[in-house]
Amino acid sequence: MLEILIFLEIIIMGIVCAIIANGKGRNPTGWFFVGLLLNLIGLIMIAVLPRAGKKCPKCAETVLQEAQKCRFCGYEFPASISNPPATSTKTLDQIPLKYLIAALVIIIIAKFIKYYLSK
Ligand SMILES: [Zn+2]
């Protein structure tokens, strides 16, 4: 029973990290494993990391995802490319927080169950 709870907690941490990473425009698969291996540390790492930007096709510098003009070379991003990711990241930003709170509640409950089982 205890082993199942620990296992569930680790999986939830991985999923939460993947969701936050996805919302920040980062690799969700990679962050899933970071969450699995590092648990809370992984979660803090992805929470602290800034949002990943987009690469300028002209100068290869990274600019903010919402940017319409490159701050390095002045390249103007086509509206058709910069608009869809902006709306998709906006909706993705709202989902992780809900999942994060839900996951944290589950983790806290799991910790309480673990505590009472160990008594
Ligand atoms: Zn540029």
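This is a predicted model: local features need pLDDT of at least 70, side-chain atom pairs count only at pLDDT 80 or more; totals for chains, interfaces and linings use all residues.
Where is the place of Thr 62 in this chain? Thr 62 sits in strand β2, which covers residues 62–63.

Residues are numbered from 1 along each chain as its sequence is written.

Okay, the overall layout. The protein chain has four helices and two strands, and from the N terminus on they run α-α-α-β-β-α. Those labels come from DSSP runs, numbered from the N terminus: helices are H or I with at least four residues, and strands are E with at least two.

How far can we trust it? The predictor's confidence in each residue is pLDDT, from 0 to 100. The mean pLDDT of the protein chain is 80, and 84% of its residues reach 70 or more. Confidence is highest in α2, at a mean of 91, and lowest in helix α4, residues 79–118, at 66. Over residues 81–92 the pLDDT is below 50, and beyond near neighbours in sequence this stretch has ten contacts in the model. By contact I mean that the C-beta atoms of two residues, placed from the backbone, lie within 7 Å.

Now, helices against helices. Two packed helices are described by the angle between their axes and the distance between the axes. The axes here are lines fitted to C-alpha atoms, for helices over the stretch in contact, and angles run from 0 to 180 degrees between N-to-C directions. Angles under 35 degrees count as roughly parallel, over 145 as roughly antiparallel, 65 to 115 as roughly perpendicular, and the rest as oblique.

Take helix α2 (residues 28–38) and helix α3 (residues 40–48): they pack at an angle of about 140°, with their axes 6 Å apart. That makes α2 oblique to α3. On the α2 side you'll find Trp 31, Val 34, Gly 35, Leu 37 and Leu 38, and they meet Ile 41, Gly 42, Leu 43, Met 45 and Ile 46 in α3. The residues of this contact divide into eight nonpolar, two polar and no charged. For those classes, Ala, Val, Leu, Ile, Met, Phe, Trp, Tyr, Cys and Pro count as nonpolar, Asp, Glu, Lys and Arg as charged, and the others, Gly among them, as polar.

Next pair: helix α1, residues 2–23, packs with α3 at about 10°, and the axes are 9 Å apart. So α1 and α3 are roughly parallel to each other. Here Met 13, Val 16, Cys 17, Ile 20 and Ala 21 in α1 meet Gly 42, Leu 43, Ile 46 and Ala 47 in α3. By class that gives eight nonpolar, one polar and no charged residues.

On to burial. A residue is buried if 20 or more other C-beta atoms lie within 10 Å of its own, exposed if 12 or fewer, and partly exposed in between, again with C-beta atoms placed from the backbone. Of the 119 residues in the protein chain, 17% are buried.

A nonpolar core is a set of buried Ala, Val, Leu, Ile, Met, Phe, Trp, Tyr and Cys residues joined through C-beta atoms within 7 Å. How many residues does the largest nonpolar core have? It has 13, and among those with the most contacts inside it are Val 16, Ala 21, Trp 31 and Ile 46. Helices α1, α2 and α3 each supply at least two residues of this core, and α1 gives the most, with eight. Leaving aside neighbours within four places in sequence, Ala 21 is in contact with Arg 26, Asn 27, Pro 28, Trp 31 and Ile 46.

Back to Thr 62, as promised. Thr 62 is partly exposed, with 13 other C-beta atoms within 10 Å. Beyond four places in sequence, Thr 62 is in contact with Gly 53 and Lys 55.

Is Cys 70 buried or exposed? Cys 70 is in the loop between β2 and α4, and it is buried, with 20 other C-beta atoms within 10 Å. Not counting residues up to four places away in sequence, Cys 70 touches Cys 56, Lys 58, Cys 59, Glu 61, Val 63 and Tyr 75.

Last stop, backbone angles. Most residues other than glycine have a negative phi, and most peptide bonds are trans. Asn 39, in the loop between α2 and α3, has a positive phi near 55°. Ala 60, in the loop between β1 (54–55) and β2, has a positive phi of about 70°. Ala 60 counts as exposed, with 10 C-beta neighbours inside 10 Å.
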